[in-house]
Amino acid sequence: MTRIDPETRIPDPIELDRAEEDRLRSVAGLLPLRTESGEYAGFEQVGIPDRPPQTDRERDVYSLGEGEMLVNMGPQHPSTHGVMRLVVKVRGEIIVDIDPVLGYLHRGIEKLCENATYTTVLTYVDPMDYLSTMHNEHAPAIAFEKLYGIRAPRRAEYIRALVVELNRIFSHGLMMGFLALDMGGITPILYAFINRDEIVDMLSAISGQRMLFNFFRVGGVNFDMNDEFLSRLGTWRGRVLKNIEMNEGLITGNEIFRSRTINMGTLSGQDAISLGVTGPNLRASGVPFDVRKAKPYSIYNELEFEIITQSGGDSYSRYLQRIAEIKQSIHLIDQIIDKMPHGPVQAQVPGIIRPKPGRAYGAVESPRGLYSVYAISDGGPNPYRFRMRDPSFISLQALPKLMPGRLVADTMAVMASFDPVMGGVDK
Amino acid sequence: MAIDRSAGSSPIVIPDQAREDGLLREFGMEEHPQGGFHGLLEVIPTKADYILDLIRANSLWPLLSGLSCCAIEMMSTATSVNDIDRFGMFPFRASPRQADVLIVAGTLTTKMAGPLVRLWEQMPEPKWCVAMGTCTTSGGRFKRSYSVVQGVDRVMPVDVYVPGCPPRPEGLIYGMMKLHELVKQRRGQWATYVDRGPQRTRWEGDVR
Amino acid sequence: MRLLTERTDIGLRDLWTDEDTVEFQVDAPRAHDVLRTLRDDPDLAFFMLADAAAVDYGIGQRFEVVYHLFSWKHPGWLRIRAHVDRAEPRIASITDLWEGAMFHEREMYDMMGIVFDGNRDLRRIYMSPDYRSFPQRRDFVLPDDAADSSAAGVNPLERPETWDLTLFNRAPAVTFPTSELRDDAPGEAVEDGTTLADTSRPR
């Protein structure tokens, strides 16, 4: 036990002069408490490593002006998008800058896929964007079929489109729920999950799995539609419009929701294109780009649908865009069921396929945007390079452009309206 | 702080001045490495602790630590169709200080391991950990990945493993039932500090 | 599609056309200008960068940065493959053309080690900032021994040679006190298979 000399007086920090305190801290090896304006903030502020800034932007973000503060949001936070960390530089309640720190869910899927056969790759990509699993599998299936030089049978393409649209419906429904949840409303997420559970039980009847459906194969799909799937589909179809409208009625006219989303996070079409934002976010800013119309894949050139756009570019438009897309998807499902042909559901493909050397690019419209796969084959059983372009990853770049000047509480609302899924962001 | 568990030493430190007065004396805990009362005195705490364990089991509050796909199934367990509110687990607390159970749902990567361990350490005792999904049990489908921790039990002690990719909500509820058994089996051992051993194994990215 | 590429007139090589993709290769120093022309020329009008990827062709070979572009005026995707030297992987950044390329380039830097000149924020995005390797390169070797990976916590259960098989023959380390009032309380020694957790059924 150290003995403290009672004659020693430990000075109260308040009594110290500012310079004296800084001198003591520097002697102790700590960074000064109050940085000069514009000085690099360092470790004590927010847990960033105690090292010089590596890039210009890092220096801009982590240098504090007068009255500014760095606040960490995440990686664990009540907003349910997954593990993302936002380092937010605030002055009071107003955001000055945002730096998203990603990689908390990076699983190395691209590298793992280089050691897997083409069919196994289709299972590895499931947990990327885990809310739109069918789209995750659709894009590599298209790319691999191009590499191998085959086409899936028509019935398989129709089943693919059917499950893909079902996936889009529940993914958009979940976005509505998460958007309300991030603003504090707990009921819509429950409704969204009821909707999701219905659809997911239906999809588990056809694919065997509730969430990471291992359903697509190179050359078709794995299973044909069965009685349980069709009966659930019919029951669900009878109820879904009313359910969606009930859920929508909870939120759309809600005064709190409207005041928190209208004119929030307004993204112009030009900015959106430059930032690489695609999908409903881009269409809500007025740009009529839909991969299903621009580069029709599967059987989308046989289905009739219009590209929906909204004129605002704010969170409310993105929300309305997704509701409209749900209704569009239901309309598409009706057409698909009407036109479903008979036939096989999988092409005759060997167990381990060895496509000729080449490159292929397959793009689909996922609920978050343009989801594409660039695959290079070297003639062996494994792809030489398997690269996925995830839309949520690129859409996140809009956040540092949109948020400065807004309040901290709007961050989550705006981010939820972009609907990122961290599995896709971090691969 | 090291508590000496060898036989013959008491886990409770009595200050020197207190030994003189007869009011405070040791309870002879050296015979019980896990602590707890002894003999007839055990009757009363046993009954009350049984009820206390029941109360704890039926209102385990999970921490929102959904990392990945299993988080969606955890949320699906928490919402209306598979309602985990009937077991008392509705409030998914955002703050670790208020949570009992850490349901690690989703792949744990090396970058996230540090924050997750910090969350675990911030949770006050009694706390339990449920490893949901195969990614947290053993690395799962990312077995040979360069950035996935091969099982969350490499960094924190786990009480219940729920396999599945993702486990069905019914599976997670079954895991919660097993956790209830575990909690109710404690049977009064919370009366004193229970040495659970090292709280985690040390890992290379550890900052301490 | 041929005439559009002849219009650009910038020393391309290896034009290749597929049913829906036109592809050509350029050298790294020219990639930026080619992309600028493709974007700004009113007849070409490739306004959207769909994807920017990096490919490693092996230890003695080259890197490639592959851009995919889209235009309303032309059917199919346009793929530009820029050859980057593997010994000194530098290429001009296209963040001045498309802001959305920032994250693409950060990811390419993180995974492959390609340096983008002119990128204001070239730091690691997926791995920790102090990670010292480039995972998606072909010569990145995943260490077999779990103890060598960056998430090490050696789990002895994964190495059978460390299993202590005498464990099951020993007396249990923990003994619970007896209880006179509850007859189903555990006795002096806890045997496997008799606790509530083992014998109870899920309710």
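Which strands of chain A does helix 17 lie across? I looked this up first. Helix 17 (residues 408-418) of chain A lies across strand 3, strand 4 and strand 5 of chain A. Helix 17 runs at about 145° to strand 4 of chain A.

**Ground rules.** I noted that this is a predicted model, where local features need pLDDT of at least 70, side-chain atom pairs count only at pLDDT 80 or more, and totals for chains, interfaces and linings use all residues. Residues are numbered from 1 along each chain as its sequence is written, chains are lettered from A and ligands numbered from 1 in the order in which they are written, and side-chain values use heavy atoms, with hydrogens and water left out.

I took helices (H or I, at least four residues) and strands (E, at least two) as DSSP runs, numbered from the N terminus. Two strands pair if DSSP finds at least two bridges between them. Contact means heavy atoms within 4.5 Å. Axes are lines fitted to C-alpha atoms, for helices over the stretch in contact, and angles run from 0 to 180 degrees between N-to-C directions.

**Sheet in chain A.** I found three strands in an open antiparallel sheet, in the order 3-4-5. Strand 3 (68-73) and strand 5 (94-101) of chain A are the edge strands, each pairing on one side only. The twist averages 20° from one strand to the next. I then checked strand 3 of chain A against strand 4 (residues 85-91) of chain A: they pair over six bridges. Leu70(A) has Lys89(A), in strand 4 of chain A, as its bridge partner.

**Sheet in chain B.** I found four strands here, in an open parallel sheet with the order 1-2-3-4. Strand 1 (62-63) and strand 4 (160-162) of chain B each have a single partner strand, so one side of each is left without a neighbour in the sheet. Strand 3 (residues 128-132) and strand 4 of chain B pair over three bridges. Met132(B) is bridged to Val162(B) in strand 4 of chain B. Helix 5 (residues 169-184) of chain B packs on this sheet and touches strand 2 (101-105), strand 3 and strand 4. The direction of helix 5 makes about 170° with that of strand 4 of chain B.

A cis peptide bond joins Cys165(B) to Pro166(B), with omega about -10°. In chain A, Asn263(A) is not a glycine, yet has a positive phi of about 60°. I placed Asn263(A) in the loop between helix 10 (255-261) and helix 11 (269-275) of chain A.

**Interface of chain A and chain C.** How many residues does each chain bring? Chain A gives 47 and chain C gives 50. The two chains bury about 4,200 Å² between them, 54% of it on carbon and sulfur atoms (accessible area, 1.4 Å probe, lost on being put together and summed over both parts). On the side of chain A, Lys295(A), Arg359(A) and Tyr361(A) lose the most area to chain C, together 16% of what that side buries.

**Salt bridges.** I used a side-chain nitrogen of Lys or Arg within 4 Å of a carboxyl oxygen of Asp or Glu. Five cross the interface of chain A and chain C. Glu99(C) pairs with Lys401(A), the closest N and O atoms being 3.6 Å apart. Glu165(A) and Arg168(A) form another salt bridge, at 3.2 Å between the closest N and O atoms. Both lie in helix 7 (residues 154-182) of chain A, three residues apart, about one turn of the helix.
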